[in-house]
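Please examine the protein shown below.

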Amino acid sequence: MKKKLGEVREVELPQIHDFRGDLTFIEGNSHVPFDIKRVYYLYNVPVDSERGGHAHRDLQQVLFALSGSFRVKIDDGFDTTDYWLRDPRKGLYISQMVWREMDSFSQGAVCMVLASLPFDEADYYRDYDMFRQAVSAAN
Ligand code: T46
C-alpha cells in the first residue's frame, strides 16, 4: 500500500458579515493546525507568472487568495490535483512533502501564506526528482 507523506485539504474560516462589510479572522492552532511562525504574501504577480515548483521537508502552510484568484497544482508523489483559490474565506492547507506549483494568477491577485516555521532554504526540495526519490524511499 502506498504511504503518502503529505496531506492537502481545504480550510474554511469564519466570516462576520454586517452592513459595513465582511471580517474574517485566523487563530493559530485553531483555524490552521499549527502555531503561525511566519506570514508572507505574493502581490504584483504578472498574470503569466509561475511560482512554487518545490516541496518542503517540514514546513506546513495555508495559502489564501485575499484578492483575485490563482491555481495551485498539487503533487503528493502519487496523485496530482488542481485547486483554485478565489475566496478569502477558504484556504488550502499543504503539509510537508507535497510538491506545489502556482499559476493562472488573475490581475491584482494577492496570495497570503501562513507558515508553521521561519524561512529556511534548507527545508526546500527545489528539484522534483529529489522529491520523488524521497517519497519512494519511504515506500
Ligand atoms: C511556497 C509558495 C506558496 C525569503 O527570503 N523568505 C521567505 O519567507 C520566502 C517565502 C521566500 N524568501 C526568498 C527565497 C527566494 O530567494 O524569496 C525568494 C523567492 O522565493 P520563492 O522562489 O520560493 O517564491 P515562491 O513564490 O515560488 O514560493 C513561495 C514559498 O517559498 C513557498 O514556500 O509554498 O510561495
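Q: Which residues line the largest pocket?
A: The model is a predicted one, and its largest pocket holds about 200 Å³ of space. The lining of this pocket is made up of Tyr40, Leu42, Arg51, Gly52, His54, Gln61, Leu63, Arg100, Met102, Cys111, Val113 and Tyr124.

Q: Which strand supplies the largest share of the lining of the largest pocket?
A: At least two lining residues come from each of β4 (38-42), β5 (51-56), β6 (61-67), β10 (99-103) and β11 (110-115). The largest share is three residues, and the strand that supplies it is β5.

Q: What is the order of the elements of the protein from the N terminus on?
A: The protein contains one helix and 12 strands. Read from the N terminus, the order is β-β-β-β-β-β-β-β-β-β-β-β-α.

Q: What is the radius of gyration of the protein, and how compact is the protein?
A: For 139 residues the globule rule gives 14 Å, and the value for this protein is close to that. The protein is therefore as compact as a globular protein of that length, with a radius of gyration of 15 Å.

Q: What share of the contacts with a separation of 6 or more joins residues 24 or more positions apart?
A: A contact requires heavy atoms within 4.5 Å. Among contacts in the protein with a separation of 6 or more, the share from residues 24 or more positions apart is 78%.

Q: What part of the accessible surface belongs to carbon and sulfur atoms?
A: Of the 139 residues, 39% count as buried. The accessible surface of the protein comes to about 8000 Å². The part of this surface that belongs to carbon and sulfur atoms is 47%.

Q: Is Ala65 buried or exposed?
A: Ala65 is found in strand β6. Beyond four places in sequence, Ala65 touches Phe70, Leu85, Arg86, Asp87, Pro88 and Val110. Its relative accessible area is 1%, and the limit for a buried residue is under 20%. Ala65 is therefore buried.

Q: How far apart in space are Ala65 and Met112?
A: Along the sequence, Ala65 and Met112 are 47 residues apart. In space, the separation from C-alpha to C-alpha is 6.4 Å.

Q: What is the phi of Ser104?
A: Ser104 is located in the loop between β10 and β11, and it is partly exposed with a relative accessible area of 31%. Ser104 is a residue other than glycine with a positive phi. That phi is near 55 degrees.

Q: Is Asn44 buried or exposed?
A: The loop between β4 and β5 contains Asn44. Although Asn44 is not a glycine, it has a positive phi of about 55 degrees. The relative accessibility of Asn44 is 71%, and the limit for an exposed residue is over 50%. Asn44 therefore counts as exposed.

Q: Which residues does Asp82 touch, not counting those up to four places away in sequence?
A: Asp82 is part of strand β8 (residues 80-85). It is partly exposed, with a relative accessible area of 41%. Once residues up to four places away are set aside, Asp82 touches Arg71, Val72 and Lys73.

Q: How far apart in space are Thr24 and Arg51?
A: Thr24 lies in the loop between β3 (21-23) and β4, and it is in contact with residues including Leu13 and Arg89. Thr24 and Arg51 are 27 residues apart in sequence. From C-alpha to C-alpha, their separation in space is 26 Å.

How values were computed: Residues are numbered from 1 along each chain as its sequence is written. This is a predicted model: local features need pLDDT of at least 70, side-chain atom pairs count only at pLDDT 80 or more; totals for chains, interfaces and linings use all residues. Side-chain values use heavy atoms; hydrogens and water are left out. On a 1 Å grid over the protein atoms alone, a cavity is a set of points where a 1.4 Å probe fits but cannot get out, and a pocket is an open set with protein on both sides within 12 Å along at least five of seven lines; lining residues have an atom within 4 Å of a point. Grid points are joined across faces, edges and corners, and a volume is the space filled by probe spheres set on the points. Helices (H or I, at least four residues) and strands (E, at least two) are DSSP runs, numbered from the N terminus. The radius of gyration is taken over C-alpha atoms; the globule rule is 2.2 Å times the number of residues to the power 0.38. Buried means under 20% relative accessible area, exposed over 50%, partly exposed in between (1.4 Å probe, protein chains only). Accessible areas come from the Shrake-Rupley method with a 1.4 Å probe; for residues, only the protein chains shown count as cover.
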